[in-house]
Amino acid sequence: MYSEGFRKGYKMIFSFPSLKITIAELLVALAFLAIVSYAKHLNIEGFRYLTALFVLFFIMRLADPALFTLRRSLSLMPPALLLWTLIAIISRPENSVLISLFALMYYAAIRAMKSGRRAILTFLSVVIADSLPFIGAAFWLIGALIFEATLYIVEKRGTKIGIDAIESFRGFAEYILTREKRGIEETLVKLSSKKRLYLDAYTFYDCEKKPVGSIVILYIHPGPFRDLGSSALPSILLDQARKRGYNLIVFHGPSTHGEDLAQSAVVKKVVNTILSWLNNPNNIKGMSAQPPRTIKGKYCCVHTILLGNPIIMLEHVEKGEDFPFETVKAIWQRYPNASVIDLHNSLGDELGNPKCAETLQNVPPNSEIKTETKCRLAVISKPSSLSPEEVGPGGVAALYAEINGASFYALIFDGNNAVPGLREYLQNELRKRGFPKGVVGTTDTHLMSGMKPGVDYTPLGGKTAWTRILEESLNVLNQAKRAARSILFYSYRRFEIDALALDEDKLKELSKITEKNVRDVTAALALAFSLPLLYLILKLLLNP
């Protein structure tokens with residue numbers, strides 16, 4: 001929602017062909033250039049042009065070999081060679097003007113990512129390309145001035161929210177291209193404020209007080225994307241807990257990007273805190289339980305179940321996005337010990353509040369919850385065999401409970417939402433196979449968000465056959481059903497975490513600014529490139 005500008009910018013800027021494709025294109029382009037330059041007696045011109053292109057390649061590699069990899073530095077050479085070849089077939093190419101087009105592209109890339117001094121070196125290619133490079137040099141200079149004026153506008157926009165827009169872009173691009181987080185997380189810190197965030201943790205015990213399974217509900221939103229901030233929190237927590245032998249299921253608590261952690265380093269501390277508590281819980285009490293109750297409204301559906309404390313699960317009736325943390329606050333005012341879950345299981349644009357407020361008012365108050373002591377329960381967590389674009393390293397986890405003879409399951413995949421209809425499909429098919437009542441959800445992990453240019457994320461069921469998801473669901477649920485044991489005790493703790501969290505308004509503004517900046521820079525480059533291109537076209541038309 002608030003990362004639209006980032007997604008569009010990512011799609012527009014950071015799409016590169018593979019190295020194998022680039023080299024194949026380069027070899028084909030070189031062959032065409034050699035044939036045409038020989039046939040048209042343009043060997044010297046072709047050699048000078050090729051030399052100028054390789055100068056650009058080496059300048060970019062010199063600027064930063066880690067950032068401008070071999071693949072990225074070579075990416076413009078095949079089209080540059082093919083364009084020269086096409087012009088040479090029709091007329092005598094004007095090397096300096098033609099090379100100024102690509103020199104400006106390399107200039108823009110180096111200037112945006114590194115210092116202006118290194119970018120100026122691209123002017124050498126214009127000088128080398130031709131014996132009389134004056135027209136090309138003039139176009140390069142005009143283009144560079146247009147680009148610099150645009151960068152000035154970009155910088156002015158950033159001051160509105162207290163950031164250096166150019167440094168912000170560099171940090172963003174550096175992270176996308178090299179996975180270096182330092183620059184972009186420095187920007188995220190500037191867009192953040194100190195907040196108190198929460199999570200609920202439960203462990204359930206048998207008659208000998210041996211742990212049977214645990215629940216964690218995160219009111220920390222897993223964002224903004226990839227492994228920045230808290231994006232990977234549920235994935236890391238599930239993966240680490242499984243490696244240490246804990247049977248853990250992680251639920252997404254109602255939250256939005258305003259509850260994103262600004263620094264990914266805090267994730268490790270949160271995970272260690274939870275795992276430490278799971279290893280040494282305290283305040284073990286006698287178990288109380290009540291079968292689930294469902295309240296279905298026009299816009300959202302509410303499931304309540306008592307497992308020591310009341311647990312309230314929310315989902316959209318049709319399609320929707322995150323339920324905001326304000327939903328939790330409203331419930332806690334009436335029901336302070338309740339845990340609240342956003343099942344996040346049917347992809348749509350609509351937020352959970354305020355249209356669901358009427359349904360939430362019907363959640364029973366504490367005095368109406370009656371306890372039952374006959375409870376059998378198990379939690380099973382497994383790695384997933386489904387597409388890694390849809391399910392992260394947290395895998396799939398199932399909670400299975402039998403309360404006073406009534407069974408209930410919660411099936412959670414480590415993904416970001418699910419395609420509409422999948423939830424109902426799984427519930428219907430599981431009902432036929434002995435699991436009459438339950439819920440399906442995701443952790444809302446953002447670990448896979450933005451992994452590919454132009455793809456925000458792939459929701460559960462977006463590419464994988466639904467029958468495969470059903471097969472995996474049955475596998476983990478049957479294991480949980482077989483593992484269920486009588487629960488006599490439980491422990492519970494609500495953790496309060498003071499950390500830097502993103503300011504939702506600033507993040508939204510940054511997303512808008514990023515979209516405007518990408519638009520304006522693209523327009524500036526188009527204008528800068530159009531001048532020499534128009535000159536070449538007119539020259540071809542007037543002097544065939």
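1. Arg376 is partly exposed in this predicted model, its relative accessible area being 31%. Its salt-bridge partner is Glu402, with the closest N and O atoms 3.0 Å apart, and the pair links distant parts of the chain, since Arg376 sits in strand S9 (residues 375-382) and Glu402 in strand S10 (residues 396-403), 26 residues apart. Glu402 also counts as partly exposed, at 21% relative accessibility, a value that should be read against the cut-off of under 20% for buried.

2. Salt bridges with shared partners join Arg157, Arg519 and Asp520 into one network. For the whole structure, the search finds 19 salt bridges.

3. Lys181 and Asp227 form another salt bridge, in which the closest N and O atoms are 3.5 Å apart. Lys181 lies in the loop between helix H10 (165-178) and helix H11 (182-190), whereas Asp227 belongs to the loop between strand S2 (211-218) and helix H12 (233-243), so this contact ties together parts that are 46 residues apart in sequence. Lys181 counts as partly exposed, at 23% relative accessibility.

4. Within helix H12, Lys243 and Asp239 are 4 residues apart, a separation of about one helical turn, and they form a salt bridge whose closest N and O atoms are 3.1 Å apart. Lys243 is exposed, with a relative accessible area of 62%, whereas Asp239 counts as buried at 18% relative accessibility, so the two residues of this pair fall into separate accessibility classes, under 20% being buried and over 50% exposed.

Methods:
Residues numbered from 1 in each chain as written. Predicted model: local features only at pLDDT ≥ 70, side-chain atom pairs only at ≥ 80, totals over all residues. Heavy atoms only, no water. Salt bridge = Lys/Arg side-chain N within 4 Å of Asp/Glu carboxyl O. Helix = DSSP H or I, 4+ residues; strand = E, 2+ residues; numbered from the N terminus. Buried < 20%, exposed > 50% of the residue type's maximum accessible area, 1.4 Å probe, protein only.
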